[in-house]
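Today I want to look up the nonpolar core and the salt bridges.

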Amino acid sequence: MLYLRPLLFCFAVLAPTLLWAQEPSQPVRLELPYELENSRVEIMALPDSSLLVYSRKSDTWAKEPDFTLEKYDTQLERVWTSKLDLKSEFEFIRHYTEAPYTYLIFQAAKPTLYTFVRLHLGSGALTKSEVVLEKAEYIYELNVLRGNHFLITGNSYDTKPSLLYLDPEKPQPVMLPALYGDESSFSDLHTDHVHGRVDVVLAETNRRISRLQVKSFDSEGKLQQNYFILQPQDKSLLNAEITPGDTLSRMLIGTYGVRDLRFVQGFFTAPVISKIVEGEFYSLLDLQNFFKYMKPRREERTRKREFARIAAGKEPLQRYRMLLHDLIPTPNGYVLAAEVYFPQYRNSSGYFDSRVRGLERVAQAYKRTHAIALGFDRDGILLWDNTFPLRDVLTPDLTHAVEVAGLPDGRVVMAYPDRSKVVYRQMEQNKFTDKETSVELLPYEKEEKILTTDMPGLIRWYGSHFAAFGFQRIRNPNGPNRNVFYINKISF
């Protein structure tokens, strides 16, 4: 049974406090009859402010699973449902939306066999085709331009990723010229639908220095432009995100290092068409709030020590790895967000991190210390920075743990799910606060209780709204307990 009711969140006695604290509300909740033991569910936000729900449900071992795609509007009312005919071995891995279609990729047990699905967002009509991508055991990224696919792929026996172009009307993919050396990697893949261009940012290194390269392809996979971004003598460009726009206005916003190319020492901005000497550089010590994840005394000692080492010509002791988010356009420029992490390794006593120099092992998990947001104007000038301290946030893979959104009123919200609550931070430019803020997920009725929450997730939805989701067990004092898949609308 599908449950959907408005949530009466702002009770009269709490309203003044909630308004003063600007806590997010939960205006609506949807419950779907999926259980953790026999279902897999994915939630995708669509450009028309709706949600796409993919589900794979199998009630018994003998029965073939049901694959379903459902669209829900902003009030979580169902718009349409489409059944997807797939073999049981296929698993959902990637999606990308280019209106009026969403494209989905499913992978078979044989890792190079894929099913590509094109779903019409208005009607729910779909088409599918099976494709064999030789040497492509993994698909890391999917972008679509005018119906044609651009894929970053990899495999288990070759550490060098590839950029593939796939025309759905033709059986064979084409490998596009991208990486050349074994020490190269993809930094950003961005599709500019207005200008009909796919931009690829590449990081190339010889282990002593690193530079960036920008390649632009048209919808047919033909190379249009190629730019080498040269670094200053004392800095190496590590990775970057590219802004949309025409050739003259595009910019790179990213990170740089000094000696050890694994670690970030600051941020840079530069026009794509010019050499990096015309760009702007900001060291971590230039940022007002970067070290605010520390206690005040520790931050003060760290800054003094690092400034003294720089004055003496020594390498900084602080060593940070960062996972960048996609750029967020704002009316005045862009916001770049990043998560600061350390790989975790397991020994007999548990996890330990890798801030020891020279330690190279396969990580078992990735621990976050804090997330940061930097606001830039359209010329690449830093306007503000802020920090979100993260407590005990680990992920088994190096994927984004924090969801980031720029709100229409200029605030930036960072949030992540933590069991039956959402931990968040509302940023007003460089006004830092160390106050921890979170909101408990609400059931339908105030007398009900959430007993367990499994596989919690959170995505940016539209405007100032997020969608929190996962599996829950609910205790109902007036009836039997129920197991559901929930979606709560979180409005800031």
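**Core.** I started with the largest nonpolar core, which has 26 residues. The rule I used for a nonpolar core: buried Ala, Val, Leu, Ile, Met, Phe, Trp, Tyr and Cys residues joined through side-chain atoms within 4.5 Å. Buried means under 20% relative accessible area, exposed over 50%, and partly exposed in between (1.4 Å probe, protein chains only). Phe267, Leu284, Phe290, Tyr320 and Met322 have the most contacts inside this core. Strands E23 (321-324), E25 (333-347) and E27 (365-377) each put in at least two residues, and E25 gives the largest share, five residues. Strands (E, at least two residues) are DSSP runs, numbered from the N terminus.

**Ground rules.** I'm working on a predicted model, where local features need pLDDT of at least 70 and side-chain atom pairs count only at pLDDT 80 or more, while totals for chains, interfaces and linings use all residues. Residues are numbered from 1 along each chain as its sequence is written, and side-chain values use heavy atoms, with hydrogens and water left out.

**Phe290.** What is phenylalanine 290 in contact with, leaving aside its neighbours within four places in sequence? I found Leu284, Tyr320, Met322, Val340, His370, Ile372, Asp385 and Thr387. Contact here means heavy atoms within 4.5 Å.

**Salt bridges.** Side chains of opposite charge can pair when their charged atoms come close. I counted a salt bridge when a side-chain nitrogen of Lys or Arg is within 4 Å of a carboxyl oxygen of Asp or Glu. The count came to 25 salt bridges.

**Glu130 and Lys87.** This pair meets at 3.6 Å, N to O. Glutamate 130 is in strand E10 (residues 126-132), and lysine 87 is in the loop between strands E6 (78-84) and E7 (91-98), 43 residues apart. Glutamate 130 is partly exposed at 45% relative accessibility, and lysine 87 is partly exposed at 47%.

**Asp199 and Arg250.** I got 2.8 Å, N to O, for this salt bridge. Aspartate 199 lies in strand E16 (residues 197-205) and arginine 250 in the loop between strands E19 (236-242) and E20 (251-257), so the pair ties together parts that are 51 residues apart in sequence. Aspartate 199 is buried at 0%, and arginine 250 is buried at 0%.

**Network.** Last entry: Arg29, Glu31, Glu448 and Arg482 are linked in a network of salt bridges.

Note on methods
Helix = DSSP H or I, 4+ residues; strand = E, 2+ residues; numbered from the N terminus.
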